[in-house]
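Colleague: Please take a close look at one part of this model and describe how its residues are placed and what they touch. State each cut-off once, where the term comes up.

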Amino acid sequence: MPSTPRAAIIPVTPFQQNCTLLWCEATKRAAVIDPGGDLDRIQAAIAKAGVTVEKILLTHGHIDHAGGAADLRDALNVPVEGPHIADKPLLDSLPETGAAYGLGGAKAITPDRWLNEGDTVTVGELTFDVLHCPGHSPGSVVLVSRDARFAQVGDVLFRGSVGRTDLPGGDHGTLIASIKTKLLPLGDDVAFIPGHGPTGTIGQERLSNPFIQ
């Protein structure tokens, strides 16, 4: 039997970004996905779950997803994986972006590993396939567990909506193509955690999401 993924969603920053603590039930090894800020809240969730964090994963480089990554890496002494290298300019400019949005103290970060289409990421005994899904940002990635029928989609897809494309590097046509060619084929039974708002399923979005009809 493949190990079961478990997840706790921790809303962080004034943007209420879904930082996700994802762990392997068999090994209690975990990853923190998109630690945008509010590290005390993230640390409390780690302690409550009783898991050992082995890495930080970034779906993309926007401030509300990556603003706390450098400090959390230092606190936990773990590597950072993702996003795709196309988001390097966003990660390099996190201090300036944070100041502009009133999120002071954000530090630039260079991941220990950039992720590419076709790569895999492990968390304990769990394995996730990496899909490069640009459009919201140039380097956005989606992490898919085909065994567990589960995906972590960042700001590519939301329940009833899609990621905004009016930020630097965004492109609406590219985003919709990413969703239609990479996410919809995963199957209607695949559940996902987005970067904001409630969880959903690919099937629900295929039927009712007005942006991808």
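Modeller: A contact means heavy atoms within 4.5 Å. The model is predicted, so local features need pLDDT of at least 70 and side-chain atom pairs count only at pLDDT 80 or more, while totals for chains, interfaces and linings use all residues. Residues are numbered from 1 along each chain as its sequence is written, and side-chain values use heavy atoms, with hydrogens and water left out.

I start with N18, in strand β2 (residues 17–24). Strands (E, at least two residues) and helices (H or I, at least four) are DSSP runs, numbered from the N terminus. Not counting residues up to four places away in sequence, N18 touches I9, I10, I33, P194, G195, H196 and G197. The side chain of N18 also makes a polar contact, reaching the backbone oxygen of G197 at 2.9 Å. A polar contact is a pair of N or O atoms within 3.5 Å; within protein, one must be able to donate a hydrogen and the other to accept it, and residues adjacent in sequence count only if both atoms are side-chain atoms. N18 has a relative accessible area of 6% and is therefore buried. The classes are buried under 20% relative accessible area, exposed over 50% and partly exposed in between, with a 1.4 Å probe and protein chains only.

P194, one of the residues that N18 touches, brings us to strand β12 (residues 191–194), which runs parallel to strand β9 (residues 150–154) and is joined to it by four bridges. Among these strands' residues, A151 has F192 in β12 as its bridge partner. Two strands pair if DSSP finds at least two bridges between them. Both strands belong to an open sheet of six, in the order β6-β7-β8-β9-β12-β13, with mixed pairing. At its edges stand β6 (120–123) and β13 (200–201); each has a single partner strand, so one side of each is left without a neighbour in the sheet.

Salt bridges come next. Side chains of opposite charge can pair when their charged atoms come close. The criterion is a side-chain nitrogen of Lys or Arg within 4 Å of a carboxyl oxygen of Asp or Glu, and a search of the whole structure finds 14 such bridges.

One of them joins D189 and R149, whose side chains meet at 2.9 Å, N to O. This pair links distant parts of the chain, with D189 in the loop between α6 and β12 and R149 in the loop between β8 and β9, 40 residues apart. D189, at 48% relative accessibility, counts as partly exposed, and R149 is partly exposed with a relative accessible area of 27%.

In a second bridge, the closest N and O atoms of D129 and R146 are 2.5 Å apart. D129 is in strand β7 (residues 126–132) and R146 in the loop between β8 (141–145) and β9, 17 residues apart, and the pair links distant parts of the chain. D129 has 22% relative accessibility and counts as partly exposed; R146 has 42% and counts as partly exposed.

E117 lies in the loop between α5 (94–100) and β6, and K182 in helix α6 (residues 172–183), so the pair ties together parts that are 65 residues apart in sequence. E117 is partly exposed at 42%, and K182 is partly exposed at 25%. There is also a network of salt bridges that links R6, E25 and K28.

As for the setting, the protein has seven helices and 13 strands. Of its 213 residues, 52% count as buried. Among contacts with a separation of 6 or more, 59% are between residues 24 or more positions apart. The C-alpha trace spans about 45 × 45 × 30 Å along its principal axes.
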